[in-house]
Amino acid sequence: MAEKKEYKVIGTRPIRHDGVDKVTGRALYGADFQMTGLLHGRVLRSPHAHARIISIDTSRAEAYPGVKGVVTAKDLPDAGDKVADLGEGAVNLKHLCDNILASDKVLYKGHAVAAVAATSPHIAEEACTLIDVEYEVLPPVLEVRQAMEADAPLLHEHLKTTSMGETADEPSNVASHIQHKLGDPEKGFAEADIVVERDFVTGTVHQGYIEPHNATAHFNQDGQLTIWCSTQGAFTVREQVAEILQYPISKIKVVPMEIGGGFGGKISVYIKPVAALLAKKTGKPVKVLMSRADVFEGTGPTPASYIRVKMGATKDGKITAAEAYLAFEAGAYPGAPVGPGAMCIFAPYSIENVVIDGYDVVVNKPKTAPYRAPGAPNAAFGSESVVDEIAEKLDIDPLEIRLLNAAKEGDRRADGPIHPRIGCIETLEATKAHPHYTAPNGKKHHGRGVASGYWFNIGLESSVTINVNSDGTINLIEGSTDIGGTRASIAMQAAEVLGIPAESVNPSVVDTNSVGYTAVTGGSRTTYATGYAAYEAAQEVKRKMIARAAKLWEVNEANVQFADGEFSCINGKEEQISFRDLCAQLGQTGGPIVGSGTVNPGGAGGAYATHVVDVVVDEETGKVEILRYTAVQDAGRAIHPSYVEGQIQGGAVQGIGWALNEEYIYNAEGTMTNASFLDYRMPTCLDLPMIDAVIVEVPNPGHPYGVRGVGEVPIVPPMAAIANAIYDAIGVRMTELPMSPDRLLKAMGKI
Amino acid sequence: MQDFSYVAAKTVPEAVALLDEKGEKARILAGGTDLIVQVREARRDVDLMIDVKSIPAVNVLDYNADTGLTLGAAVECYKIYAVDAICDAYPSLIDATTIIGGTAIQGRAGVGGNLCNASPAADGIPPLIVLNATCVIAGPNGERELPVEQFCTAPGQTALEKGEMLVSLKVPAPASNSSSFYLRFIPRNEMDIAVVGAGASVTLDDAKQTIVSARIALAAVAPTPLFAEEASALLAGREISDAAIDEAAQAAQAIARPISDMRGTAEQRTHLVGVLTRRALNGAIQRVQDAS
């Protein structure tokens, strides 16, 4: 492990700046937003999973007392086939607009068709029932393999498969095919003494954030649009709304309210453009709130998938070749995270011969959205189950086989990049050394499983401004929505530079008019990239403060030294002044000091995790209890260890839910039958043991303090780890998620 | 949510008169943990909510070792399990009242409301069936009584006629050497609706080796909670054995007519009826045998 530097603030656990307001209920969320003259919007959603819209008649709704405006896709600018670039790749603008309000077809149950603004939410709801929509109902396509069949009903008549730069002639539900190849897989499999090939199926799962989507929009008389909302990125809301409404970004201001969870699900916009359309039509501010059912049926979950993994190894455990076939459900419009799945699937290993095929396939379900390491958990369920089976067949310890094949600096990933300094081996070693791994676990129907995971993490743009206050504190202005304690983790990086306590930093997450461009809180980038910008902004403050001290002492700047929060003179003069005291003298030494940092760093460091889980299976009911869980992860550098642990625990818990019970259950018509937290079974605290989070620190050379992203990789290993533990407990390999009690009963031959 | 009227009735006759006048579109409001959600989600069309929480007769909670329990229809779960004597006498009722919703819900929800909501999956109903409880019903023509197992007629439907309301439940005093047990299967450990529920009561002989009589009830495997009459009768006079319990479990499975839905499949439910019936019977027997 790299040498540990001494830090004053980094690595400590100060109370988060937003904590008290949140636990006392004073923090303001989107639903709290109030304004004089506020109207309430409600979206009418499709009752069919797949249908052509013949006609929409809004006249009865418009005539209903209290209704101030009704909008449909006709109120959106004609998108045609324009392509919008939203920073995360080009998106077909018609697809983007149709997902906001369907124009010609509805492609999932819950697809927005029209919206009403009225003087009360109840009137808006009632008026929605007065909108007459005539549909021609079409057969739904609800499963990825069915959608890929040649005779499957088509969702989009003009969608043609693109594959390695070529576009097919015939329309298809397969939007794209990607392939990554390394070495000679055929030769690799020929060298193997053992080859294991298995099929896997995973269900559609939701991020399960507690706070439903919300948006309030208001147009000023001069055409300035303001949107108050819950989002992972105010700037991406601005971009998406600008594209969808074909409205200049300079005329849109997005104000991020506090956010009650996102996990990737609050990047795409749904009701924000709708609120804007209603506001425009009525000339009043309009607030639109989703219900929980709206959230399940009308926003993006992470995809169901069909995965085939084949791996070969020599009898001493060296993996010689790996092959993966990943078919992901995009939902109604292209854009499944099959790319990231393909990037991550074999990344914990150093394998010479690899081929990975990925397919992005449309089905009649909501368009998928990111969810914590999107694509990687699906893929790892397959690969980590197969690695476990190979280890078992070769009678090699599952951690040993992972160590034997572990990815290291200089290895090439199948999709191209060469690993910089990574902590795969250190994470595995720490897992092996943890007492959990060697604790006795031999009881009947008890089992232990391990699995690893990788997530590449991203950089992207961030901006931070620091204003120095005369009392020795600083105001830190940032554009990153704080989902997991990033006000603290960003503030701490500035505090470390300036030698002040974290409590002397006042972080504010502000609107798009008040800070430089900042990409979404996603990709585990915020503590890394916005923290990096805070570091740069603090460096500028430090440089300017040094200049002030030099001015004060009438010495050259080179003769001023700054250490431990104290400026001192090093040319023989006995001068010393604290950061705080110098702050009080800014007025006399030249005026206010503002520092700014803007970054687009390319050095995001990939993160590895290895999880160990103990389960007990009730053989009569098929119910799996999690008895003990240890999650080990390379954080690079844990700026605030409590929030790193929180991220690790949260990811593991969401993975446990994904593994055991969470799934969208559809009937034959394509209606989700469990669109509530009652029947969409996320684990509660009563279903979970304490999740032991173990932080490994292999600093990322691409960040001044060594930060790697931490939020996503912990959801990658749990599904396979639990499947492997179930196998250890009852001798049955589960290859379909969730591993719910009925599926276990079937697999055990009990029903 | 649609507008509706609200009346806090002070007496049973007042509530009955309102029910009789408004018919289908009037509903009794007690805890409201089902009703308010149903109205909010437009699953029930209600013009008038008649709050009965201030009517003394529906708030009675009276236990007497000789005459048994009178449980007012609006008595909340938390009040029931706060009485030690009731916990000792009717453990299956306590098994159920402590798992209906969470702690907060148990402060509002009651067993009477659970019965009137007539969910096939209601946790509160199988214990009432195995405890031989009777419904006391008030209506325009006075009071009548009905065994609990005859109260639910279909999902959300009850034997209450126009103008009738449930006033209370009467539960006989437990026989000596008897006890009861209720459990449900849910994929999580809380905050879930029964995939299958099973309740059992047993009365043993003085040696605690032979079953004098038993009652078994099932939830979530038919349009209404079921009294497994044949399965229960099979046990009368039988010495306690795995074979006897298996036979009863199989007889219980034979009357299950489950559906497949988002909470579980029909095969899973039929299988679980066997598992849970055995566990409920063994649990009740164990309680008798553990009692000094």
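Predicted model: local features only at pLDDT ≥ 70, side-chain atom pairs only at ≥ 80, totals over all residues.
**Stop 1: where the chains meet.** Show chains A and B together. Here 19 residues of chain B are in contact with 21 residues of chain A. On the chain B side, helix H11(B) gives the most, with 5 residues. That side of chain B divides into 8 nonpolar, 5 polar and 6 charged residues.

**Stop 2: two helices of chain B.** To see the contact, select residues of H10(B) including Ile245(B), Ala249(B) and Ala252(B), then residues of H11(B) including Val273(B), Thr277(B) and Leu281(B). The residues of this contact divide into 6 nonpolar, 6 polar and 2 charged.

**Stop 3: Leu218(B).** Select Leu218(B), in strand E13(B), which covers residues 211-219. Is Leu218(B) buried or exposed? Leu218(B) counts as buried, because it has 33 C-beta neighbours inside 10 Å. Leaving aside residues up to four places away in sequence, Leu218(B) touches several residues, among them Pro126(B), Gly197(B), Pro225(B) and Leu226(B). Two others it touches, Ala252(B) and Val273(B), also belong to the contact of H10(B) with H11(B).

**Stop 4: Met191(B).** Go to the loop between strand E11(B), residues 178-185, and strand E12(B), residues 196-204, and select Met191(B). Most residues other than glycine have a negative phi. Met191(B) is not a glycine, yet its phi is positive, about 55 degrees. With 18 C-beta neighbours inside 10 Å, Met191(B) counts as partly exposed.

**Stop 5: Met164(A).** Now move to chain A and find the loop between strands E9(A), residues 160-163, and E10(A), residues 166-171, where Met164(A) sits. Its phi is also positive, near 50 degrees. Met164(A) counts as exposed, because it has 8 C-beta neighbours inside 10 Å.

**Stop 6: a helix pair in chain A.** Select helix H7(A), residues 234-245, and helix H8(A), residues 272-282. What is the angle between them? They pack at about 55 degrees, with axes 10 Å apart, and are therefore oblique to each other. H7(A) passes H8(A) in a right-handed crossing. Val237(A), Val241(A), Ile244(A) and Leu245(A) of H7(A) meet Lys272(A), Pro273(A) and Ala276(A) of H8(A). By class, that contact has 6 nonpolar residues, no polar ones and 1 charged.

Stop 7: Select residues 641-660 of chain A. At 1.5 Å a residue, the 20 residues of H19(A) should span 28 Å, and this agrees with the end C-alpha atoms, which are 28 Å apart. The helix is mostly covered, with 15 of its 20 residues buried. In the loop between H19(A) and strand E30(A), select Phe677(A). Phe677(A) is partly exposed, with 16 other C-beta atoms within 10 Å. Apart from residues up to four places away in sequence, it touches Arg292(A) and Met682(A). The C-alpha atoms of Phe677(A) and Ile210(A) are separated by 9.6 Å, although the two are 467 residues apart along the chain.

**Stop 8: a cis bond.** Finish at Pro738(A), in the loop between helices H20(A), residues 718-730, and H21(A), residues 741-747. Most peptide bonds are trans. The bond from Leu737(A) to Pro738(A) is cis, with omega near -5 degrees.

Key: Residues numbered from 1 in each chain as written. Chains lettered and ligands numbered in written order. Contact = placed C-beta atoms within 7 Å. Helix = DSSP H or I, 4+ residues; strand = E, 2+ residues; numbered from the N terminus. Nonpolar A, V, L, I, M, F, W, Y, C, P; charged D, E, K, R; others polar. Expected span 1.5 Å × (residues − 1). Buried ≥ 20, exposed ≤ 12 C-beta atoms within 10 Å, placed from the backbone. Axes fitted to C-alpha atoms, helices over the stretch in contact; angles between N-to-C directions. Parallel < 35°, antiparallel > 145°, perpendicular 65-115°, else oblique. Left-handed = near helix turned anticlockwise from the far one by under 90°.
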